[in-house]
Amino acid sequence: MQNVIINSDSLTELPRLPSESIDLIFADPPYYMRTEGVLYRTEGTEFQGCNDSWDKFDSLEDYESFTIQWLTECRRLLKPSGSIWVIGSMQCIYTIGSAMQKLGYWLINDIVWHKTNPTPNFMGTRLNNSHETLIWAVKDKHSKFTFHYKTAKALNSEASGRQMGSVWRFPVCSGNERLKDSSGHKLHSTQKPLAMLERIIAISSNIGDTVLDPFAGTMTTAAAAKKLGRNYIMIERDKTYCSYGAERLKNIAFEDSEISRAEFDVKPQRVRMSEMIKAGCFKAGEKFLLNDGIEYAELQSDGKLLYNGRIIDMHTCAALAKNLRAKRVNGFDFWYVLRENELVSIRIIRENYRNNNKEE
Ligand SMILES: C[S@@+](CC[C@H](N)C(=O)[O-])C[C@H]1O[C@@H](n2cnc3c(N)ncnc32)[C@H](O)[C@@H]1O
């Protein structure tokens, strides 16, 4: 089952999906806001916050039990390499985080979504709530999950090219991005910013992966997934949200890009020294020198080095020859060969070899 919107209850639908079939889950569950009465702006107009029937629970115990049920199913559905993102406000995120840890999930990060245009605290009775929290987790401590580190760097709007941090600034969804109902009012009280979902999906999944959202609302997750070439399974109980969401998806197409393909994170093709010797890039018996041009080892036909009477791999040999505390370093950072009387890094020679022998 791929690229579907299921108009139903997640507690009924999640158990129907096969175990370990999902690469990535984004969940934006009910907040259990517990708000009462009508909220007015300072100028007197009514503010439409999240006071929806889907957000009502009988008690905290009821909400906890609901949380445990869907989180248990999500853990069963995740592939061993998969991960889950859950977003929530102060009203629910502690219940969710606690349940996740009790169920065996392993937390990778918690991220603060700093809303750059938050709803004011109209009464001035407490601090303005200007963030929500995202929990990013895996099935267990040993999960080898997808993380496109360099793609995240490229997407870092705070400091381009630097490591992405755990405070993300996005405005609350507004303007044209905000879906409107037939009378022009906002369709959904908690539609999430598309840019945030694109970031999440781009850094923690691959093209062709399957993304599940058990509380899909206006289908923001599906919109981002489709744009990035991922498959989606969306579950949403409300029929109106489903039909507006389906319309929204019709206007979205896959955008092939370095980000969608996570090109920055593609690992370079592995090249063996013995292969480069065969190809004539190096000669058995030639000197591998350190950058002082004095200390050297002698290359063997199998790619190992002869140094002080011992035959060892070039990484261990570099650490020894440099007298480093580490037992092994990356030999490509340390060894040079002589070409036309000049020291040339063996890394450069490997790069040239790679470029001339690219796999299609
Ligand atoms: C916080 S909103 C998600 C908003 C969504 N991320 C978006 O960008 O539009 C939660 C959604 O979950 C839906 N929902 C609540 N309980 C549900 C359940 N048991 N099964 C399926 N959907 C549910 C609600 O109708 C609501 O649209």
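Leaving aside neighbours within four places in sequence, which residues is Tyr296 in contact with? I looked this up and found Lys287, Phe288 and Leu289. Contact here is two C-beta atoms, placed from the backbone, within 7 Å.

**Conventions.** I am working on a predicted model, where local features need pLDDT of at least 70, side-chain atom pairs count only at pLDDT 80 or more, and totals for chains, interfaces and linings use all residues. Residues are numbered from 1 along each chain as its sequence is written. Helices (H or I, at least four residues) and strands (E, at least two) are DSSP runs, numbered from the N terminus.

**Tyr296.** I placed Tyr296 in strand S12. Tyr296 has 20 other C-beta atoms within 10 Å and is therefore buried. The cut-offs are 20 or more other C-beta atoms within 10 Å of the residue's own for buried, 12 or fewer for exposed, and partly exposed in between, with C-beta atoms placed from the backbone. I also checked Tyr296 against Tyr307: the two are 11 residues apart in sequence, and their C-alpha atoms are 7.6 Å apart in space.

**Helix H9.** I listed the buried residues of H9 (residues 314-321) and noted Met314, Cys317, Ala318 and Ala321. Seen down the axis of H9, they fall within an arc of 105°, so they line one face of the helix. The arc is taken over the directions from the helix axis to the C-beta atoms. The cover over these buried residues includes helix H8 (273-278) and the strands S11 (287-289), S12 (296-299), S13 (305-307) and S14 (310-312).

**Positive phi.** Which residue just after H9 takes a positive phi? I found Asn323, at about 60°. Asn323 sits in the loop between H9 and strand S15 (336-339). With 7 other C-beta atoms within 10 Å, Asn323 is exposed. I then looked at Tyr32, a residue other than glycine with a positive phi near 55°. Tyr32 lies in the loop between strand S2 (22-27) and strand S3 (39-40). Is Tyr32 buried or exposed? I count Tyr32 as buried, because 22 other C-beta atoms lie within 10 Å.

**H5 and H6.** I took the pair H5 (residues 194-204) and H6 (residues 220-227): they pack at an angle of about 55°, with axes 9 Å apart. That makes H5 oblique to H6. Axes are lines fitted to C-alpha atoms, for helices over the stretch in contact, and angles run from 0 to 180 degrees between N-to-C directions. Under 35 degrees is roughly parallel, over 145 roughly antiparallel, 65 to 115 roughly perpendicular, and the rest oblique. The crossing of H5 and H6 is right-handed (the near helix turned clockwise from the far one by less than a right angle; anticlockwise is left-handed). From H5, Leu194, Leu197, Glu198 and Ile201 meet Thr220, Thr221, Ala223, Ala224, Ala225 and Lys227 of H6. By class I have 6 nonpolar, 2 polar and 2 charged residues in the contact of H5 with H6. Nonpolar covers Ala, Val, Leu, Ile, Met, Phe, Trp, Tyr, Cys and Pro; charged covers Asp, Glu, Lys and Arg; polar covers the others, Gly among them.

**H2 and H3.** I noted that the axes of H2 (residues 60-77) and H3 (residues 93-103) come within 10 Å and cross at roughly 45°. H2 is therefore oblique to H3. The crossing of H2 past H3 is right-handed. In H2, Tyr63, Glu64, Thr67, Ile68, Leu71, Thr72 and Arg75 meet Thr95, Ile96, Ala99, Met100 and Leu103 in H3. The contact of H2 with H3 has 7 nonpolar, 3 polar and 2 charged residues.
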